[in-house]
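Me: I should like to learn how to read the features of a model of this kind. Please take them one at a time, giving the general idea and then the case at hand.

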Amino acid sequence: NRVTAEHFWGPIHVHTAKKLPRCKRILCIQDTTALMFPGLEATTGLGTMETEREEALLMHSALAVRPDGQVLGLLHNHVWARPPEEFKKAHRRKVRPFEEKESYKWVRGIRQVAELRDRYSPGTKLLHVFDREGDVHEVLQEVIDQDDDAIIRCCYDRKVNGPYGHIRATLAARPVLTSCRIDVPRKKGRRKRQAAIEVRSAELTLTPARIYPHRKPLRINAVWVHELDPPEGVDPLDWLLLTTLPVATAAQCHDVIETYKLRWLIEDFHRVLKGGCRIEKTQLKTGGRIEELLALLSAVAARLLALRQWARTEPDAPCTDVLSEDEWQVLWAYTRKRPLPEGLSPPTMREAVRMIGRLGGHLGRKGDGMPGVKTLWLGWRDLQILVEGYHVSLR
């Protein structure tokens, strides 16, 4: 039988799940990315996005991350093509069963992650972290039913019990719990900066609208993060976070905020896939074959992201936590241009990342900092070629 993408996804997810027993709590960061293939007119199995042309695939992923920011790998991936007949039919979403909507992807991800956790590490608590697209009543209900936790950025100003009627008005009436400064990572066209914020919190009961009779009232906590004086030309930081975690104290709110900031790791994962692995430059002729390549490159992208995070969180740890013996030895010998000394200890994570970055073109000057994920991909690609050459020489 022909190998399909499912033959790759299954082992990738199980490999990550087998790491869970080491952890009391794991962050499961879910997000969706659109993969665009505008030049592949002859490729079949693609779907629509912004136009009726069939030129895209969608992938929804769950990235497993330790609370300290270390990436463990992928626990869920779902790839699909949006049918052309669905173009411009979003107005029908309110009358469709939830299981038939695209937003069901969040529940599908929660259930697969929970199934893997239950099989390999029942004692591990899951903390799901979603952006505004995950602000769906059924998604919150699923997390609560699974007896796990979540932090979801609020998209809709939902109705709540109480005199103020809605989430934002209720939070605005609460006293400021704490004022502080937080780091805001850089984005495309925007530098890393610090934001002076005010933090408010409340315990709420969401009250669904009558047009959704199947929805139940939900008890949930909320943290509102609002920037006081943003730089000129920059939109103020404004996060309204719904969570099952406690938010009664400033310290508890701070933990929620810092945890939500780790959500950007999945955007880095997508950046490696697109900018580093260049998945959107493929010339494959069917959506199925593209998904097979996507599975392989997703495993690589997750590993590169883990390598970068190791270098940030535990820079002095031995690189053998990520690299095999052959990989680090070939890397050392090639970058140093001399044979491996007898009894040499493995490089640290920081040293290994710098060496891989050098393979990818990172100059490593005093002010250059650590290599980025795109540079690491280029270096990783060359390292695998070198390792394969070493194995060939031994035959």
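Me: Which residues are in contact with tryptophan 239, leaving aside its neighbours within four places in sequence?

Reply: Contact means heavy atoms within 4.5 Å. On that basis tryptophan 239 is in contact with Arg153, Ile182, Val223, Trp224, Val225, Ile257, Tyr260, Lys261 and Trp264. Please note that this is a predicted model, in which local features need pLDDT of at least 70 and side-chain atom pairs count only at pLDDT 80 or more, whereas totals for chains, interfaces and linings use all residues. Residues are numbered from 1 along each chain as its sequence is written, and side-chain values use heavy atoms, with hydrogens and water left out.

Me: What is the mean pLDDT of the protein, and where is confidence lowest and highest?

Reply: pLDDT is the predictor's confidence in each residue, from 0 to 100. Where pLDDT is low, the predicted coordinates should not be read in detail. Here the mean is 91, and 97% of the residues reach 70 or more. Confidence is lowest in strand β6 (residues 178-184), at a mean of 89, and highest in strand β4 (residues 125-130), at 98. Strands (E, at least two residues) and helices (H or I, at least four) are DSSP runs, numbered from the N terminus.

Me: How many aromatic pairs are there?

Reply: Rings of Phe, Tyr and Trp (its six-membered ring) pair if their centres lie within 6.5 Å; planes under 30 degrees apart count as stacked, over 60 as edge-to-face and the rest as tilted. By this rule there are four aromatic pairs. In one of them, the ring centres of tryptophan 239 and tyrosine 260 are 5.2 Å apart and the planes stand at 70°, so the pair is edge-to-face. Tryptophan 239 belongs to strand β9 (residues 238-243) and tyrosine 260 to helix α5 (residues 250-261), so the pair ties together parts that are 21 residues apart in sequence. Ring pairs also link Trp239, Tyr260 and Trp264 into a cluster.

Me: Are tryptophan 239 and tyrosine 260 buried or exposed?

Reply: Buried means under 20% relative accessible area, exposed over 50%, and partly exposed in between (1.4 Å probe, protein chains only). Both tryptophan 239 and tyrosine 260 are buried. Valine 223, in strand β8 (residues 218-227), also counts as buried, because its relative accessibility is 0%. Among the residues that valine 223 touches, not counting those up to four places away in sequence, are Trp239, Leu240, Leu241 and Ile257.

Me: How many residues has the largest nonpolar core?

Reply: A nonpolar core is a set of buried Ala, Val, Leu, Ile, Met, Phe, Trp, Tyr and Cys residues joined through side-chain atoms within 4.5 Å. The largest one has 76 residues, and Trp239, Phe269 and Leu323 have the most contacts inside it. Helix α7 (residues 287-313) gives the most to this core, with twelve residues. A second, separate core of 25 residues includes Phe98, Tyr104, Phe130 and Val160.

Me: Which strands pair with β1, and in which sense?

Reply: Two strands pair if DSSP finds at least two bridges between them. β1 and β4 are parallel, with five bridges, while ten bridges join β1 to β2 in the antiparallel sense. The bridge partner of isoleucine 26 in β4 is leucine 126. Ten of the twelve residues of β1 are buried.

Me: Where does glutamine 30 lie, and what does its side chain join?

Reply: A polar contact is a pair of N or O atoms within 3.5 Å; within protein, one must be able to donate a hydrogen and the other to accept it, and residues adjacent in sequence count only if both atoms are side-chain atoms. Glutamine 30 lies in strand β1 (residues 25-36), and its side chain makes such a contact, of 2.5 Å, with the side chain of histidine 60. Glutamine 30 has a relative accessible area of 0% and is therefore buried. Its bridge partner in β2 is alanine 62.

Me: What do β2 and β3 form?

Reply: They form a hairpin with five residues between them, and glycine 69 in the turn has a positive phi of about 95°. Strand β2 (residues 56-65) and β3 pair in the antiparallel sense over eight bridges, and valine 65 has valine 71 as its bridge partner in β3. Nine of the ten residues of strand β3 (residues 71-80) are buried.
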